[in-house]
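Welcome! Take a moment to turn the model around on your screen, and then let us walk through it together.

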Amino acid sequence: MLKIDNLHVKLEEEDKQILKGLSLEVPAGQVHAVMGPNGSGKSTLSYVLAGRDGYAVTEGSATMDGESLLDMEPEQRAAAGLFLAFQYPVEIPGVGNMTFLRTAVNAQRKARGEEEMSSGEFLKAVREKAKDLQIDAEMLKRPVNVGFSGGEKKRNEILQMAMLAPRMCIMDETDSGLDVDAMRLVSDGVNALRGPDRSFLVITHYQRLLNHIQPDVVHIMSDGRIVKSGGPELALQVEEEGYGDLLAEAG
Amino acid sequence: MTETTDLDVREGVDRETVETVQSMGSYKHGWNTEIEMDYAPKGVNEDIVRLISNKNGEPAWMTEWRLEAFRRWATMSEPRWAMLNYPEIDYQDQYYYARPKSMEVKPQSLDDVDPKLLATYEKLGIPLKEQMILAGVEGADAAPAEGRKVAVDAVFDSVSLGTTFKDELAKAGVIFCSISEAIREHPELVKKYLGSVVPQSDNFFATLNSAVFSDGSFVYVPPGVRCPMELSTYFRINAENTGQFERTLIIADKGSYVSYLEGCTAPQRDTTQLHAAVVEIVVLEDAEVKYSTVQNWYPGDENGKGGIYNFVTKRADCREARAKVMWTQVETGSAITWKYPSCILRGDESQGEFYSIAIANNWQQADTGTKMIHLGKNTRSRIVSKGISAGQAQNTYRGLVSMHPRATNSRNYTQCDSLLIGDRCGAHTVPYIEVKNTSSRVEHEATTSKVDDDQLFYCRSRGMDEEEAVALVVNGFCRDVLQALPMEFAMEAQALVAISLEGSVG
Ligand SMILES: Nc1ncnc2c1ncn2[C@@H]1O[C@H](COP(=O)(O)OP(=O)(O)OP(=O)(O)O)[C@@H](O)[C@H]1O
Ligand SMILES: [Mg+2]
């Protein structure tokens, strides 16, 4: 599904290299976790995959189903099925959450040459999914993320993900700032979306999330590279020992 | 359940926006109807003023009134204090009167109506029955009406073509007709109120309008009457090189209520065109008037060629106690906009509100705002202005809040937000505040911001293209004002916001 090969990325404005030859492959139907110290480049990776401005790819490639992501506009990547749950979801004053969702859903459908969702169909789907995530009707009407608590913002990202039904889901620290119950809601939401045609790249600092969402593979990232990959036990090791030994061992 | 409907409708509004954006090229109303016209010769002088008065079948007092204005105008010079830059206007190189030829004989059925005129109405989104009435088809009023009830007066090149739902309005005692008809049929009302809010000599453009106005709408709502439907005027400029001078007069008698909508469009032309309208509103005791405008005159092309020069004087006089007026405007068109819908809060406890969205893209220039003149005690005013600049456009908010000595315990709140798209445009805020008593309070808040890249990226990462993303963010920025509009207009306005910003990014 997602294949990243020897990716080198620097900032466009300054001479600062952030990703330094990162390779990673997530096959269809799998969940991969990415862990790594602060500043190792995890969010940068997620932004580059989603198509944010300000980065220059100097070497390497990133493809989804064999198609190069890096040549596409952000909205084309979204229409192709890529979704990023932001570490810091953005506030859009004056734009209702529902309006935003509906515009997004229909924009993607249109880009894929599909029929737009009828208003009845849309409302039904939103209500159902919002209920699962315990997002109430009032929050659906409020402007996108404005005045939402940290945890509400994260749940809202998962609501968008559920509505857009992407095939490649990248989640950047969705668990940070969630209370125990919210963590369960979000994990249940993600698990419900798991299937043979959908893959996840889950960026996290905590092993706890991975108790709920069982990963197939755990990657350790440091200084712009994947330095070690392994099974779920790798996350346990990080939890217990920190990154020190792991990184030393990887050189 | 109510909640559902509410959401549903809101969703509908935004859906409409997105669809419109996607389906449209650039300027939506840029078609031009080839209709045979009758013109008066170019230029303005006393003979032309008499000719216009004569064509409208006006009584002598009206002709005199116009001539008085013309003589005054001949001594005045154009104001130059606004932050607007445009070449000198040659007032003798314009036509001051144009009228579709087909209006001279009344048609018997729609088949007799100039099909191009009908096509025009269709493009304006006017329903069939209303088209018949507007086209002057005899007996059209008896035809069954369609669902929506908005009485329409269509003014085509400054000539009122007809008004719908007249009978039904008449039953409620409401007069809604063209101003030329009002001058003939209701001279006592016109004599009493015309020029009583915007005097003949008010300013250069208003004075010119007083001399040469060709038509416009007239509304009178009698005491205690809540007007049973929204009233609406569509203004359309079609003829080339023709100055457009509409005159609107609205009188809300004691305890009455009316909501009035005004829509404006014009075809694409390489040459600039002058438009100088006057709107006067008289609000008596306990009456309330809502006046909403969606102004979409042709703005000129992306190189600044052509477009309408829009010099408009709009003023409401809350003449008696507890009178209320609310101006809402969405200004997206015109190459030059010079417009300050104002409220004179004369009656004690009277209230004025002004909600404005002004968008200037490419080479457009807008200098717009409001004046709140507090004369009565305990008067209240509220100003919410959203200015959006893109391309190389200049957008100025100019506002005056004046609290006179007698206007004790009065309040004003002003919020003035500017949004910049790109870095070649400009936004300016020029607030004038005068407080001449100690118990009144004036609050002014102003912000200027740029369209946020993170917001745009967030929208795009969810699948919206760049223009859709800008439209959504800008519509959010304008939310407070869009919500003040009647629902039907809100849809059109949202779509317009999107269309007028096309090409402003990337
Ligand atoms: N626009 C920028 N300007 C300057 N430095 C930047 C910019 N974007 C990223 N960086 C730097 O690049 C490095 C990687 O940042 P990134 O946000 O990708 O880290 P992360 O792994 O997501 O960290 P965390 O775990 O704290 O979220 C950091 O040192 C950061 O300061
Ligand atoms: Mg991060």
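## Around the ligand

Which distances separate polar side-chain atoms from oxygen atoms of ligand 1 at A:Lys42 and at A:Thr44? For A:Lys42 the distance is 2.8 Å, and for A:Thr44 it is 2.6 Å. An N or O atom in the side chain of A:Asn38 lies 3.0 Å from an oxygen atom of ligand 1. Taken alone, ligand 1 exposes 640 Å², and the protein buries 64% of that (areas by the Shrake-Rupley method with a 1.4 Å probe; for residues, only the protein chains shown count as cover).

## How the model is read

This is a predicted model, in which local features need pLDDT of at least 70 and side-chain atom pairs count only at pLDDT 80 or more, while totals for chains, interfaces and linings use all residues. Residues are numbered from 1 along each chain as its sequence is written, chains are lettered from A and ligands numbered from 1 in the order in which they are written, and side-chain values use heavy atoms, with hydrogens and water left out.

## Where the chains meet

In chain B, 29 residues are in contact (heavy atoms within 4.5 Å) with 43 residues of chain A. There are 4 salt bridges between the two chains, a salt bridge being a side-chain nitrogen of Lys or Arg within 4 Å of a carboxyl oxygen of Asp or Glu. A:Glu73 and B:Arg460 form a salt bridge through their side chains, at 2.7 Å from N to O. On the side of chain B that touches chain A, α1 (2-23), α10 (453-461) and α11 (466-477) of chain B each supply at least two residues. The largest share, 11 residues, comes from α1(B).

## A link within chain A

Over all chains, the salt bridges number 30. The side chains of A:Glu91 and A:Lys153 meet in a salt bridge at 3.2 Å, N to O.

Terms used. Helix = DSSP H or I, 4+ residues; strand = E, 2+ residues; numbered from the N terminus. Polar contact = N/O pair within 3.5 Å; in protein donor to acceptor, adjacent residues only side chain to side chain.
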